[in-house]
Amino acid sequence: MSKDWKKALDNIITDQKRILSKEADLHSYAFDGSFGYYLPERVVQPINSDEVIDIVKLANQYLVPIYPRGQATCLSGGPLPVDGGIVIDMVKMDQKLEIDSENLIAIVSPGVITASIQKAALEKGYFYPPDPSSAHVSTIGGNVAENSGGPRGLKYGITGDYVIGLEVVTPEGKLIRTGGQTIKNVTGYNLTKLIVGSEGTLGIVTEITLRLIPKPKKSVSLMAVFDQLVDSGASISTILSSGILPAAMEIMDQSCIQAVENFKPSGYPTDAAAIVLIELDGHPVAIEDEIKEVATICKQLHARTVKVATTEEERGKLWEARKLVSPAITKIKPTKISEDATVPRSQIPRMFERLIEIREKYAIDLVVFGHAGDGNLHPNILADKRDQEEMRRVEDAVTEIFEAAIELGGTLSGEHGIGTMKAPYMEKELGIDGLEMMKRVKEAWDPNNIMNPKKIFPTPGVSKLVLTDD
């Protein structure tokens, strides 16, 4: 049977260069930005929706699992081929990037790089706000699958807030369109919102319609340095309660600051407990007053120093440190477990306290950064997967991080998705009945369970993240 479906796949894709079967190629598709390694049996690179339809129909005929994949920057295991089968690499579906100025929308193929959309919109005087840190390499299709966010999510929202229409190949190989090109659309169930963030478990997106907004007239940034992590969290809550809505509010703890300085020295204060980066945008007169008020609040809450960037060059330098965090912290230890537990804004200071407690309890290298303005923190644990005893402590620490977030009224994920990494904890947040309703949706859309199986839903009997071999 295995040879039958592989032969049939060869007949679908006439360009054999777009079917990968060599062992070295398959290993290149066995991992993503998270933790886990699974070898697919084939990788196929479609260039249009017709080919995607034929691949999905073949998968149903032979009951072969299929795994949609973009650039594999996913941090939760979303595209991992856990049961072998076929990885559908969507990066060659990048032909369409149209900016419709009259309707303020962009119509794009799933393989288009997110930063390319942002650049094309800006060239026309428009703005596509979602800005995941991987925007320069991630595809818009992957962003849609994971409902990606980024620093500007505080003011502008995340990917799903800008997706107004989709072309989707269903798990049974049918082509459907959801939504459209209008901002308002309440015709029937909102299938667009259902597909966004479904992590490739309900279909494969082959075209995306995005809404755009006018470009802000001016942006100003500020960096506040704190000697206490809890004070930095309190400043974030106070600023948001004051009626000011920044475009972004990012935080880096001391371990992040030190890692960045070791990676690329830039003069950041390595003795500080935390740095908060704040960006305001809008009308020049309004943000001039707001940036002064933000600076005052930070000083009142014990900020050691507050620096306002007065030029574009200074602004870029302030934000450079935040962009360097991920590559910098990997120099600490080789294994990085990236989480994004999210809590209500009012609980940010308490979540910081819980993270410090967890770090000390399990004696782990835990660094904290992220989009603190919307409660979307990124606790990253640095470890060495060869050290099984350390990894067992990491497993327990991850469980407590998620439990803390849920206890504080938060959620397992703000933007990274569930994938394989967070599936064991789904019942803790949704409850048995809530999870069952999600399973019913999956079964209705994908009766043969071929579309990205073993994602989102927990494996029976597994209630925690397993990173060890025993």
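G243 counts as exposed because its relative accessibility is 66%. In this predicted model, G243 sits in the loop that runs between α8 (229-241) and β13 (248-253). Its C-alpha atom is separated by 36 Å from that of G419, a residue 176 places away along the chain.

The surface also carries a nonpolar patch, formed by Y189, L191, L194 and V441, with about 380 Å² of accessible area together. One of these residues, L194, belongs to helix α7 (residues 191-195). L194 counts as partly exposed, because its relative accessibility is 33%.

The largest nonpolar core has 60 residues, and I251, M351 and I381 touch the most other members. Helix α13 supplies the largest share of this core, eight residues. Apart from this core lies another, of 27 residues, among them I99, Y156, V168 and V196. For M351, leaving aside neighbours within four places in sequence, the contacts are A341, V343, L377, I401, A404, A405 and L408.

Aromatic rings come next. A search of the whole structure finds four aromatic pairs. One of them is Y128 with Y162, an edge-to-face pair with 6.0 Å centre to centre and 80° between the planes. Y128 lies in the loop between β7 (126-127) and α5 (140-146), and Y162 in the loop between α6 (153-156) and β8 (163-169), so this pair ties together parts that are 34 residues apart in sequence. Y128 counts as buried because its relative accessibility is 1%, and Y162 counts as buried at 2%.

F402 and Y425 form a tilted aromatic pair, 4.8 Å centre to centre with 55° between the planes. F402 is in helix α13 (residues 388-407) and Y425 in the loop between α13 and α14 (426-445), so the pair ties together parts that are 23 residues apart in sequence. F402 is buried, with a relative accessible area of 0%; Y425 counts as buried at 0% relative accessibility.

In one of them, D227 and R304 have their closest N and O atoms 2.7 Å apart. D227 lies in the loop between β12 (218-226) and α8, while R304 lies in strand β15 (residues 303-309), so the pair ties together parts that are 77 residues apart in sequence. D227 is partly exposed, with a relative accessible area of 40%, and R304 is partly exposed, with 34%.

The salt bridge between K422 and D340 has its closest N and O atoms 2.2 Å apart. This pair links distant parts of the chain, 82 residues apart: K422 is in the loop between α13 and α14, and D340 in the loop between β16 (335-338) and α12 (348-362). K422 counts as buried because its relative accessibility is 1%, and D340 counts as buried at 0%.

D384 and R386 also meet through their side chains in a salt bridge, at 2.7 Å from N to O. The cut-off for buried is under 20% relative accessible area, so D384, at 19% relative accessibility, counts as buried. R386 counts as exposed at 68% relative accessibility.

Conventions. Residues are numbered from 1 along each chain as its sequence is written. This is a predicted model: local features need pLDDT of at least 70, side-chain atom pairs count only at pLDDT 80 or more; totals for chains, interfaces and linings use all residues. Side-chain values use heavy atoms; hydrogens and water are left out. Patches are made of residues with over 30% relative accessible area and no salt bridge: like charges are joined within 9 Å, nonpolar side chains (Val, Leu, Ile, Met, Phe, Trp, Tyr) within 5 Å. Accessible areas come from the Shrake-Rupley method with a 1.4 Å probe; for residues, only the protein chains shown count as cover. A salt bridge is a side-chain nitrogen of Lys or Arg within 4 Å of a carboxyl oxygen of Asp or Glu. Helices (H or I, at least four residues) and strands (E, at least two) are DSSP runs, numbered from the N terminus. Buried means under 20% relative accessible area, exposed over 50%, partly exposed in between (1.4 Å probe, protein chains only). Rings of Phe, Tyr and Trp (its six-membered ring) pair if their centres lie within 6.5 Å; planes under 30 degrees apart count as stacked, over 60 as edge-to-face and the rest as tilted. A nonpolar core is a set of buried Ala, Val, Leu, Ile, Met, Phe, Trp, Tyr and Cys residues joined through side-chain atoms within 4.5 Å. Contact means heavy atoms within 4.5 Å.
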